[in-house]
Amino acid sequence: MKNFGLNIWSNNNFIIEDGQIKLNYKCMPSLLQIVEDIRSNDVRGPILLRFPHLIKSQIRTLYSYFDKAIQQNNYRGSFNAVFPLKVNQFPHAVDAITSQGAQYNYGLEAGSKAELILAMSKTPSGANITVNGFKDKEMITLGFIAAQSGHNITITIEGLGELETIIEVAQECNLKVPNIGIRVRLHSAGSGIWAKSGGMDAKFGLTSTEIIEAISLLKDAKLLSKLNMVHFHIGSQMSDIAPLKKALREAGNIYAELKKMGADSLKSINIGGGLAVEYDQHVMSSARNYSIDEFSSSVVFLLGEIMNAKNVDHPDIFTESGRFIVASHAVLITPVLELFTQDYQEKLLNFKEVNPPLLVELIELNDLLNNTNCIEYLHDALDHMESLLTLFDLGYIDLQDRSNAEILVHNIIKKALYLKSSNPTDELAQLQVKLQERYLINASIFQSLPDYWGLGQHFPVMPLHHLNTTPLRAASLWDITCDSDGEIGFNPDKPLYLHDVNLDEEEYFLGFFNVGAYQETLGMNHNLFTHPSEYTITIDEYTYEIKNAVESKSILDILDSIGYDAEMVSSRLKSDLMKSDFITEQEKNDTLAKLELFLNQNGYLRTTN
Ligand SMILES: *Cc1c(COP(=O)(O)O)cnc(C)c1O
């Protein structure tokens with residue numbers, strides 16, 4: 001697995017060259033170089049890099065496949081997309097989305113009041129806003145204010161109560177009435193671990209009886225001309241396309257029926273999000289059984305077919321794919337702080353004048369091990385180790401002898417693994433798993449990979465460098481929270497092997513990929529670790545630029561954000577220190593300065609890394 005599954009998950013966005021992972025775009029900077037640039041300004045801790053060009057290529061892909069399908073199927077509706085803000089509301093992500101999407105008239109979707117306010121402030125004029133989720137009268141009134149302010153907004157109702165509120169607000173004020181969409185409750189459910197948004201027991205949507213009721217309410221209120229959209233969303237990270245096709249048939253027929261019932265202004269079907277992202281590093285296409293090509297063709301073909309059969313005009317198609325658009329744009333980079341079995345370094349060997357005979361044999365095995373004898377010598381070494389441990393228990397050898405033996409045996413195993421790396425025996429593979437190395441990463445899984453913690457979602461991970469040597473250490477990753485859940489254990493079914501590096505001599509960085517969707521706002525400040533320092537990287541033919549720096553919150557800021565009076569914390573610490581006795585005035589001032597610095601730095605570790 002020398003390329004860490006790059007061919008599976010990276011969609012050609014990255015390549016390996018000269019042993020480093022690089023952006024496969026324009027001047028092709030290496031991630032390591034970008035990270036070193038950033039860290040040369042004394043930034044420490046995890047780093048989140050955003051690449052707007054990867055958002056652009058996803059938006060372009062989505063539109064171009066749908067446009068192609070529309071042409072091929074002689075489809076007469078248009079294609080439109082909005083970005084669901086819940087997938088990433090961070091300013092530099094949203095700015096990249098709206099600027100990269102401008103030429104497509106790409107809009108925004110909101111699922112809460114705060115997101116609606118954000119959509120109203122960020123949607124380019126003329127682009128669509130759709131609103132989903134549960135709404136109160138205030139949120140509906142906000143929708144009227146958006147319409148009044150010139151936004152092209154559709155409020156999708158999740159239940160009849162919301163429609164009654166819309167009618168009430170329309171009757172109470174003279175503001176422009178927003179367009180109205182109906183979310184339909186499908187009898188077909190979605191697939192994948194997030195498939196809770198479809199099906200008869202789904203949290204959202206109107207049943208067919210309620211839809212009929214809705215039409216008559218709209219007619220009575222003379223608002224039927226505002227009904228413009230039928231909406232469904234069958235859940236995120238759809239693994240299978242079959243449920244989508246069922247949902248399309250169902251929603252398409254509901255649409256056609258509504259047209260026949262006189263809903264003349266109805267003109268679009270919104271198929272929600274759910275387009276899946278490949279997170280797997282080991283097996284191709286395990287996350288989904290369809291391509292974007294098949295997805296877009298199926299949607300366009302099926303809707304065309306249903307409308308043709310019922311003699312209804314083709315509706316405009318809306319999608320709200322979020323994960324697909326932004327997952328790839330962000331990469332989390334974490335320095336490795338420690339390898340826990342590095343105590344087994346040869347330089348720590350400390351022999352005596354006279355060593356126990358078995359230890360002398362181990363020294364010879366270690367010296368003479370080569371490609372032809374390595375399996376035999378390995379067996380001998382493991383055997384000797386057993387015997388030496390028994391001798392230790394019986395009191396015949398001392399702790400120094402035992403330590404020497406452990407170092408030698410580890411070394412022999414490592415050498416054997418290395419010599420046989422292109423063709424390891426089963427025994428070696430098992431030894432490798434047993435001798436797992438634990439890599440301590442300067443990051444919090446709770447903060448930066450919450451879906452790993454909460455759902456077991458795997459994210460592709462690989463080192464940024466050393467990629468021209470085969471990694472041999474079976475790796476588990478530990479974060480710096482003091483919580484045992486902050487660990488990505490070694491999984492023999494999806495093994496991660498990393499390099500054996502000496503961190504005293506060099507740094508070692510890991511990248512987690514496809515982390516641009518959902519992770520940032522779901523991330524939590526467990527142990528009071530805050531968001532990683534983030535940067536936007538724009539790349540052109542000759543160089544790249546690092547923009548929009550947002551450093552991790554300082555310790556005082558994070559305390560402040562959960563409600564402490566940071567000023568009080570700071571002055572208490574300083575006054576306690578001032579009251580204590582110092583031998584020299586200089587030392588007092590130096591210590592105060594240190595304290596001041598610590599309070600204003602982020603809480604990630606600042607060892608050499
Ligand atoms: C969450 C959500 C989406 C986005 O789903 P993705 O899987 O990220 O594409 C779209 N529409 C609605 C209504 C949602 O709730």
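This is a predicted model: local features need pLDDT of at least 70, side-chain atom pairs count only at pLDDT 80 or more; totals for chains, interfaces and linings use all residues.

Q: OK, how many residues of β13 are buried?
A: Four of its five, so by the under 20% cut-off the strand is mostly covered.

Q: And which way do β12 and β13 run, parallel or antiparallel?
A: Antiparallel, with three bridges joining β12 (residues 330-339) to β13. In that pairing, Leu 339 stands opposite Tyr 439 of β13.

Q: What about β13 and β15? How many bridges there, and parallel or antiparallel?
A: Four bridges, and those two run parallel; β15 covers residues 473-478. Arg 438 has Ser 476 of β15 opposite it.

Q: Switching topic: which strands make up the barrel?
A: Eight strands close into it, in the order β4-β5-β6-β7-β8-β9-β10-β11, and the pairing is parallel. On average, neighbouring strands of this sheet are turned by 25 degrees against each other, ignoring direction.

Q: Can we zoom in on a pair? What joins β10 to β11?
A: Three bridges, with the strands running parallel; β11 is residues 316-319. Asn 270 has Phe 318 as its bridge partner in β11.

Q: Which strands does α9 lie across?
A: It lies across β9 (227-231) and β10, and runs at about 150 degrees to β10.

Q: How do α9 and α10 sit relative to each other, then? What's the angle?
A: The axes of α9 (residues 242-260) and α10 (residues 292-310) cross at roughly 35 degrees and come within 9 Å. The crossing is right-handed.

Q: Which residues make that contact?
A: On the α9 side they include Leu 244, Leu 248, Arg 249, Tyr 255 and Glu 257. From α10, Phe 295, Val 299, Leu 302, Ile 306 and Lys 310 are among them. By class, the contact has ten nonpolar, three polar and six charged residues.

Q: Still on α9, is Ile 254 buried or exposed?
A: Ile 254, which lies in α9, has a relative accessibility of 19%. Buried means under 20%, so Ile 254 counts as buried.

Q: Where is Gln 281, and is it buried or exposed?
A: Gln 281 is in the loop between β10 (268-270) and α10. With a relative accessible area of 2%, Gln 281 is buried.

Q: So what does the Gln 281 side chain reach?
A: It reaches the backbone oxygen of Phe 4 at 3.0 Å. The Gln 281 side chain also makes a polar contact with the side chain of His 458, at 3.1 Å.

Q: Last stop: where is Thr 591?
A: In helix α21, residues 585-599. Thr 591 has 26% relative accessibility, so it counts as partly exposed.

Q: Which residues is Thr 591 in contact with?
A: Leu 577 and Phe 582, leaving aside neighbours within four places in sequence.

Q: And how far apart are Thr 591 and Thr 425?
A: They are 57 Å apart in space, C-alpha to C-alpha, and 166 residues apart in sequence.

Conventions
Residues are numbered from 1 along each chain as its sequence is written. Side-chain values use heavy atoms; hydrogens and water are left out. Buried means under 20% relative accessible area, exposed over 50%, partly exposed in between (1.4 Å probe, protein chains only). Two strands pair if DSSP finds at least two bridges between them. Axes are lines fitted to C-alpha atoms, for helices over the stretch in contact, and angles run from 0 to 180 degrees between N-to-C directions. A crossing is left-handed if the near helix is turned anticlockwise from the far one by less than a right angle, and right-handed if clockwise. Contact means heavy atoms within 4.5 Å. Ala, Val, Leu, Ile, Met, Phe, Trp, Tyr, Cys and Pro count as nonpolar, Asp, Glu, Lys and Arg as charged, and the others, Gly among them, as polar. A polar contact is a pair of N or O atoms within 3.5 Å; within protein, one must be able to donate a hydrogen and the other to accept it, and residues adjacent in sequence count only if both atoms are side-chain atoms.
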